[in-house]
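Colleague: I would like to learn how to read a protein model. Please take me through one.

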Amino acid sequence: MNAASNLLDLDPDALRDHFLSLGEKPFRAGQLLKWVHQLGVTDFGAMTNLSRELRQRLVAASSLDLPRVVRDQQSADGTRKWLLELEGGDCIETVFIPEEGRGTLCVSSQVGCPMDCSFCATAKQGFNRNLTTAEIIGQLFVAARELGQFRSRERIITNVVLMGMGEPLLNFDAVVAAMRLMLDDFAYGLSRRRVTLSTSGLVPAIDRLREVLPVSLAVSLHAPEDDLRSELVPLNRTWPLAELMEACRRYAAAQPHSRITFEYVLLEGVNDQPVHARALVRLLQEVPSKVNLIPFNPFPGAGYRRSRPEVVERFRDIVAGAGLVTVTRRTRGDDIDAACGQLAGRVTPRARRHQQANAARLAGGNL
Ligand code: SAH
């Protein structure tokens with residue numbers, strides 16, 4: 001490791017190896033993780049169960065660098081959104097959604113997003129780069145600190161969803177390392193069921209996730225047939241529905257008793273008709289599923305409208321009536337643009353042509 005390396009980039013195993021390489025016992029990793037992620041201490045000098053000599057070495061050669069809060073907004077419904085500045089000046093957004101009995105943190109995985117889904121505000125910003133492990137787990141740390149979790153006996157953030165800016169499976173290694181920290185008992189100690197990764201459908205990476213760290217999976221579906229889905233989610237041209245559903249089946253089979261969440265944004269006159277609902281029911285027949293209906297959240301220049309409540313209701317009735325667990329997501333935080341698909345930090349996009357070539361390459365088989 002080079003000088004002043006950011007220890008937040010290391011997952012628990014890598015941190016143990018790091019301490020071994022310093023001639024220390026591996027359990028030091030657990031001690032450090034506890035200081036940082038349970039007590040909120042980022043000053044090595046204050047970590048009193050480490051020897052003075054070790055603390056000095058850490059100060060000299062390591063850092064615990066976190067994203068910087070540049071804006072903190074609170075919605076009338078209690079939803080909170082932070083704009084975080086990263087090394088290099090780009091910004092990402094992180095959202096906390098309090099609900100009865102739980103608190104969900106919605107975390108970003110990339111600066112912008114290359115997937116280019118037609119109805120998503122993040123897509124309109126273009127793509128700059130993947131987040132590092134430190135920048136992903138750093139969102140959890142900053143939110144925990146701002147919410148007072150380090151001083152509280154209770155866990156305030158009970159669930160994490162990778163549903164912020166970016167396609168998490170395009171940033172596989174850093175996302176998995178950050179999730180290992182979310183799950184580690186010395187860090188955040190969340191169960192796999194309480195960490196949900198949402199993907200637009202990168203089939204090979206879904207399989208890989210199943211093998212290395214099968215957390216709860218959410219799939220952004222939005223259409224029950226290929227032509228329409230390819231229009232809304234361009235990745236569908238590379239990984240069409242038949243292959244996506246096969247990967248979902250494999251994922252579900254590897255984790256009995258758990259369901260895959262299918263997200264479906266309702267766009268007026270586009271995908272919200274009874275014929276779509278019935279096709280959706282057929283598509284999901286063989287996968288243990290939960291359907292999450294999301295009212296479209298508008299943003300300037302979106303070109304879509306939210307389906308009317310009675311249309312949402314009719315859609316829901318058809319899907320639920322067929323026996324599928326169906327939840328209509330309440331729109332939270334839309335007064336501060338914190339709702340699904342509205343996150344847009346400060347992204348310096350790379351040239352569009354380059355971006356798209358890159359997305360195609362990544363989607364096509366780099367995984
Ligand atoms: N790239 C991943 C992670 C982002 S999740 C994915 O696609 O799953 C963000 C969720 O919000 C996705 O389900 C996405 O489809 C949905 N979404 C995007 N734009 C939206 C909008 N304008 N209104 C409502 N939901 C939207």
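Colleague: What radius of gyration would a compact globule with 367 residues have, and what does the protein have?

Modeller: The rule is 2.2 Å times the number of residues to the power 0.38, with the radius of gyration taken over C-alpha atoms. For 367 residues a compact globule would have a value near 21 Å, and the protein has 21 Å, which agrees. Along the principal axes, the C-alpha atoms fill a box of roughly 70 × 45 × 40 Å. Before going on: this is a predicted model, in which local features need pLDDT of at least 70 and side-chain atom pairs count only at pLDDT 80 or more, while totals for chains, interfaces and linings use all residues. Residues are numbered from 1 along each chain as its sequence is written, and side-chain values use heavy atoms, with hydrogens and water left out.

Colleague: How many helices and strands does the protein have?

Modeller: Both are DSSP runs numbered from the N terminus: helices are H or I with at least four residues, strands are E with at least two. The protein has 12 helices and 14 strands.

Colleague: What percentage of the residues count as buried?

Modeller: Buried means under 20% relative accessible area, exposed over 50%, and partly exposed in between (1.4 Å probe, protein chains only). Here 57% of the 367 residues count as buried.

Colleague: Among contacts between residues at least 6 apart in sequence, what percentage join residues at least 24 apart?

Modeller: A contact means heavy atoms within 4.5 Å. In this protein the figure is 67%.

Colleague: How do I read a helix such as H6, and what does it reach from its first C-alpha to its last?

Modeller: Start with the expected span, which is 1.5 Å times one less than the number of residues. H6 (residues 172-183) has 12 residues and reaches 16 Å, close to the 16 Å expected. Next, look at cover: 10 of the 12 residues of H6 are buried, including Phe 172, Met 179 and Leu 183. The buried residues of H6 pack against several elements, among them helix H1 (12-21), helix H2 (27-38) and strand S9 (159-162).

Colleague: How many residues of H2 are buried, and what covers them?

Modeller: H2 is mostly covered, with nine of its 12 residues buried. Trp 35 and His 37 are among them. Their cover includes H1, helix H3 (52-61), H5 and H6. After H2 comes Gly 40, whose phi is positive, near 75°.

Colleague: Now a loop. Is Pro 224 buried or exposed?

Modeller: Pro 224 is in the loop between strand S11 (216-220) and helix H8 (226-232). Pro 224 counts as buried because its relative accessibility is 8%. Setting aside residues up to four places away in sequence, Pro 224 touches Leu 241, Tyr 264, His 276, Ala 279, Leu 280 and Leu 283.

Colleague: Where is His 222 found?

Modeller: His 222 is also in the loop between S11 and H8, and at 4% relative accessibility His 222 counts as buried. Residues touched by His 222 include Phe 119, Glu 263 and Asn 271.

Colleague: Where does Ser 118 lie, and what is Ser 118 in contact with?

Modeller: Ser 118 lies in the loop between strand S7 (110-112) and helix H4 (121-124). With a relative accessible area of 16%, Ser 118 is buried. Leaving aside neighbours within four places in sequence, Ser 118 is in contact with Lys 124, Glu 231, Leu 232, Ala 302 and Tyr 304.
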